[in-house]
Amino acid sequence: MTTAAAASSTGNASVLRNLYFVRFGFAIVWAALMFVVGSSVGPLSVTLIVLYPLFDVAAAIVDARSSGASGSARVLYVNIAISSLTTIGLIFAVTSGIPAVLRVWGVWAVVAGIVQLVVALTRRKLGGQWAMIASGAISVFAGTSFFLQAAADGQTLGRVAGYAVLGGIFFLVSALRLGRAAKAN
């Protein structure tokens, strides 16, 4: 690896590390709030449900800008579009109730998980991406589960809180691994 390429890779890893720490913190706080208010559709739970994919949009923008013209940046723009559409879909879904929210959330989790998997695979050389690969794969399964469980009685929005916690933990693990990878370079 050339010196310029190594510096660029280390700089990108540093930005990703910081972004992943922020994503971890957001996911944990968001999940704690959702566990408390997610038993019904109310003003706070609706705000939280809509805020999550919006935060994903913001994080993907930061990530894409730090990635430059790499292949992962192009895929991140797909993620921005998907999460933006999901936000709009959730705004409409909350008016129909929790099952509709879980269906929209489930579809989003599947598609976003596939995108996360692709991005992580393109970034394997940065290090710390195995957690993102696992997170993307689990997101696909969790999203399918949300979609299917939406038909069951007694659903709550709190179900998505566990999803956020697990995703946050994967971001934390990846951030810690990226820190080690940056020190190794």
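Mentor: The lining of the largest pocket takes at least two residues from each of helix 1, helix 2, helix 3 (71–93), helix 4 (98–122), helix 5 (130–149) and helix 6 (159–184). Helices here are DSSP runs of H or I with at least four residues, strands are E runs of at least two, and numbering starts at the N terminus. Helix 4 gives the largest share of this lining, 7 residues.

Some ground rules first. This is a predicted model, in which local features need pLDDT of at least 70 and side-chain atom pairs count only at pLDDT 80 or more, while totals for chains, interfaces and linings use all residues. Residues are numbered from 1 along each chain as its sequence is written, and side-chain values use heavy atoms, without hydrogens and water.

The chain has 6 helices and 0 strands, and the order from the N terminus is α-α-α-α-α-α. The average pLDDT (the predictor's confidence in each residue, from 0 to 100) is 87, with 89% of the residues scoring at least 70. Residues 1–9 stay under 50, and for them the model has 3 contacts beyond four places in sequence. A contact means heavy atoms within 4.5 Å. Of the contacts between residues at least 6 apart in sequence, 76% link residues at least 24 apart.

Back to the open space. A pocket is an open set of points on a 1 Å grid over the protein atoms alone, with protein on both sides within 12 Å along at least five of seven lines; a cavity is a set where a 1.4 Å probe fits but cannot get out; lining residues have an atom within 4 Å of a point. Volume is the space filled by probe spheres set on the points, which are joined across faces, edges and corners.

The largest pocket holds about 430 Å³ of space. It is lined by 28 residues, and those closest to its centre are Arg-23, Asp-56, Ala-112, Gln-116 and Phe-171. By class, the pocket lining has 17 nonpolar, 7 polar and 4 charged residues. Nonpolar covers Ala, Val, Leu, Ile, Met, Phe, Trp, Tyr, Cys and Pro; charged covers Asp, Glu, Lys and Arg; the others, Gly among them, are polar.

Searching the whole structure gives 1 cavity of 30 Å³ or more, and the largest cavity has a volume of about 50 Å³. Its lining consists of Arg-23, Phe-26, Ala-27, Tyr-52, Phe-55, Asp-56 and Phe-171. The elements giving two or more of these residues are helix 1 (3–37) and helix 2 (43–67). By class, the cavity lining has 5 nonpolar, no polar and 2 charged residues.

Buried means under 20% relative accessible area, exposed over 50%, and partly exposed in between (1.4 Å probe, protein chains only). Of the 185 residues in the chain, 46% are buried.

Start with Gly-113 in helix 4. Gly-113 counts as buried because its relative accessibility is 0%. Beyond four places in sequence, Gly-113 touches Trp-108, Gly-136, Ser-139 and Val-140. Ala-137 belongs to helix 5 and is partly exposed, at 28% relative accessible area.

Ala-31 is in helix 1 and is buried, at 0%. Apart from neighbours within four places, Ala-31 is in contact with Ala-161, Ala-164 and Val-165. Ala-31 and Gly-168 are 137 residues apart in sequence, yet 9.4 Å apart from C-alpha to C-alpha.

Leu-178, in helix 6, is buried too, with a relative accessible area of 0%. Its contacts beyond four places include Ala-13, Leu-16, Arg-17 and Tyr-20. Finally, Arg-123 is in the loop between helix 4 and helix 5. Arg-123 is charged by class, and at 4% relative accessibility it counts as buried. Among its contacts beyond four places are Leu-16, Tyr-20, Asp-63 and Gln-129.
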